[in-house]
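This report describes a protein fold and the confidence attached to its parts. The sequence and structure are shown below.

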Amino acid sequence: FPSHDNYTTTNLPAKQHFDLISTFVGEWTTTTTSFNGETNQPTTSTGQARFFPAMNGRFICGDLEGTLFGKPFKGMGLWGFNTNQKRFESTWVDTQNTGISTFSGEKTNDNTFTWTGTVTNPATGNAEQGKGVTTFNGANSFTYAFYVTINGQETKAYETTYNRVSAGGPFAIRPVDTQATRNANANAFYSNNNESNNDSNTNNNTTNTTRTTGVNEQPSQNEQ
């Protein structure tokens, strides 16, 4: 079993980790163009994202909020460089899936990362090959294009352009939480409670009516 010294020396942050931090950290606006798989008609939406360091600079944590394929969308991921495997790695979860997607990546040139992994097709439940390409256009802008391969045919599913608006901070692991999101969550909470109360009142009224009806249906002494 490896000694603690082996873990310490082989898992220290490397140049690649600092490159990720300097490249991604900050708050960004997003513009996403998604493509309908049946008609291939593009749909454009906007959102926001942020990236911040985690685990003493070993990883970048990021979260995103916007719209994808016409539906509200939230996602969260981790990016890092595995010093033992000598490769970039990432994970991703979002509100349109229940699976955890994992990717391996490499820096294919000074401005581009290419990521490959498997994703689950929600329509079929089958695992499919996925590929992401991150391309930097200067210090404060990059695009992320995601492709899926179905029946041997690679198709672009969506492309997001990120523009940095600030360096961000303070950084903490928490989901994106805008005022609009808080209002929507509060409305949903109270709406569900009201529906529950209405159902409860309806049941109580029904019970009371049944009891009243039962009493009224008892024959009077004169009738007996």
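## Basis of the description

A residue is called exposed when its relative accessible area is over 50%, and buried when that area is under 20%. The structure is a predicted model.

## Barrel

Ten strands, written here as β1-β2-β3-β4-β5-β6-β7-β8-β9-β10 in their order around the barrel, close with antiparallel pairing. From one strand to the next, the twist averages 25 degrees. One of the pairings joins β8 (residues 127-136) to β9 (residues 141-150) through eight antiparallel bridges. In β9, A145 is the bridge partner of V133.

## Helix α2

Helix α2, residues 15-24, packs on the sheet and touches several strands, among them β1, β2, β3 and β4. The direction of α2 makes about 150 degrees with that of β4.

H17, L20, T23 and F24 are buried in α2. These buried residues fall within an arc of 135 degrees when seen down the helix axis, so they line one face of α2. The face turned away from that buried side carries K15, F18 and S22, which are exposed. Just after α2, G26 adopts a positive phi of about 145 degrees.

## Confidence

The mean pLDDT of the protein is 78, with 70% of its residues at 70 or more. Confidence is highest in β5, at 94, and lowest in helix α3 (residues 179-216), at a mean of 50.

Residues 171-176 stay under 50 in pLDDT, yet the model has 19 contacts for them beyond four places in sequence. Residues 206-224 are also below 50, with one contact beyond near neighbours in sequence. Where pLDDT is low, predicted coordinates should not be read in detail.

Methods. Residues numbered from 1 in each chain as written. Predicted model: local features only at pLDDT ≥ 70, side-chain atom pairs only at ≥ 80, totals over all residues. Heavy atoms only, no water. Pairing = 2+ DSSP bridges. Helix = DSSP H or I, 4+ residues; strand = E, 2+ residues; numbered from the N terminus. Axes fitted to C-alpha atoms, helices over the stretch in contact; angles between N-to-C directions. Contact = heavy atoms within 4.5 Å. pLDDT = per-residue confidence, 0-100. Buried < 20%, exposed > 50% of the residue type's maximum accessible area, 1.4 Å probe, protein only. Arc of directions from axis to C-beta.
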